[in-house]
Amino acid sequence: PETAENMSEQQLDAALDLMRRLPPQQIKENLEGLIDLVPSLCEELLSSVDQPLKVAKDPSNGKEYLLCDYNRDGDSYRSPWSNKYDPALPDGALPSAKLRETEVMANDAFDTYREMYFEGGVSSVYLWDLDDGFAGVVLIKKMGDGSKKMKGCWDSIHVVEVQDRGRNAHYKLTSTVMLWMQTNKPQSGNMNLGGSMCRQAEQDFPVSDATPHIANIGHMVEDMELKMRSALQDIYFGKTKDIVNDLRSVASLGEARKQRELQRGIAAALKGRNAS
């Protein structure tokens, strides 16, 4: 049994490592393939692998919202705008009345944040009660419309746990970003670039009317997204640019040959001067 347990852990580690290296836009197909391959890992994989966010529309007001495990109860999903489940679920889990007020304000705040930073897309915030505080998730999705022969998607999932400590609170944030981009241009041809990143942060903040929970969470999410966006730009775009520049010369072969001959001539002249 111990050997079988170790084997299962090794398989799970290998599966998660593989999922991190596969294109984010194909997570669903790749996840299904892994589960078919190793059915015993089904529950662990589904709970451990973040999937691209799906968009639904609230039937009561027509507003779009995002679907995830945190607003799901059975086969129904709760809208952050109406606090109702679709399909209808009379006994579905709901936040307390006080926390629901905070959830409504958080959705309004992050809706403004999303519009300022992403100029479009969809955002949703879901909160739930804990014994010593509360927890929540901030979701943001921005799809490229395919204009200019380019399309892509940004999915960010920020899970935060808040522990009240009198006039202060401890915040633990776990953020995941999934990004992919495809281009099809005559100059560069087809290019498919994508990946995911996960980061964590913990911080204490004072809580008051001037600095409520929403402001503190917003500060942490904004700071984390800026850091992750910068890291993604350096890792994916910067590294890809370096590789392309090494593989593909902008100058013609004739110019490159002349430059090498000039370098060899200068090197030979310096060598001769040093020898004399």
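Author: Let me start with the residue classes: Ala, Val, Leu, Ile, Met, Phe, Trp, Tyr, Cys and Pro count as nonpolar, Asp, Glu, Lys and Arg as charged, and the others, Gly among them, as polar. This is a predicted model, in which local features need pLDDT of at least 70, side-chain atom pairs count only at pLDDT 80 or more, and totals for chains, interfaces and linings use all residues. Residues are numbered from 1 along each chain as its sequence is written, and side-chain values use heavy atoms, with hydrogens and water left out.

Reader: How many cavities of 30 Å³ or more does a search of the whole structure find?
Author: The search finds two. A cavity here is a set of points, on a 1 Å grid over the protein atoms alone, where a 1.4 Å probe fits but cannot get out, and lining residues have an atom within 4 Å of a point. Grid points are joined across faces, edges and corners, and a volume is the space filled by probe spheres set on the points.

Reader: What lines the second largest cavity?
Author: Its lining consists of L179, W180, M181, L193, G194, Y236 and F237, around a volume of about 30 Å³. By class that gives six nonpolar, one polar and no charged residues. The largest share, three residues, comes from β9, where strands (E, at least two residues) and helices (H or I, at least four) are DSSP runs numbered from the N terminus.

Reader: And how much space lies in the largest cavity?
Author: About 70 Å³, with a lining of nine nonpolar, two polar and no charged residues. Among the lining residues are F110, L127, F134 and H213, and α4 (97-118), β6 (122-130), β7 (133-143) and α5 (213-247) each supply at least two.

Reader: Is C153 buried or exposed?
Author: C153 counts as buried because its relative accessibility is 4%, and C68, at 13%, counts as buried too; buried means under 20% relative accessible area, exposed over 50%, and partly exposed in between (1.4 Å probe, protein chains only).

Reader: Which residue does C153 stand opposite in β9?
Author: C153 stands opposite W180, a residue that also lines the second largest cavity. β8 and β9 run antiparallel and are joined by 16 bridges, where two strands pair if DSSP finds at least two bridges between them.

Methods:
On a 1 Å grid over the protein atoms alone, a cavity is a set of points where a 1.4 Å probe fits but cannot get out, and a pocket is an open set with protein on both sides within 12 Å along at least five of seven lines; lining residues have an atom within 4 Å of a point.
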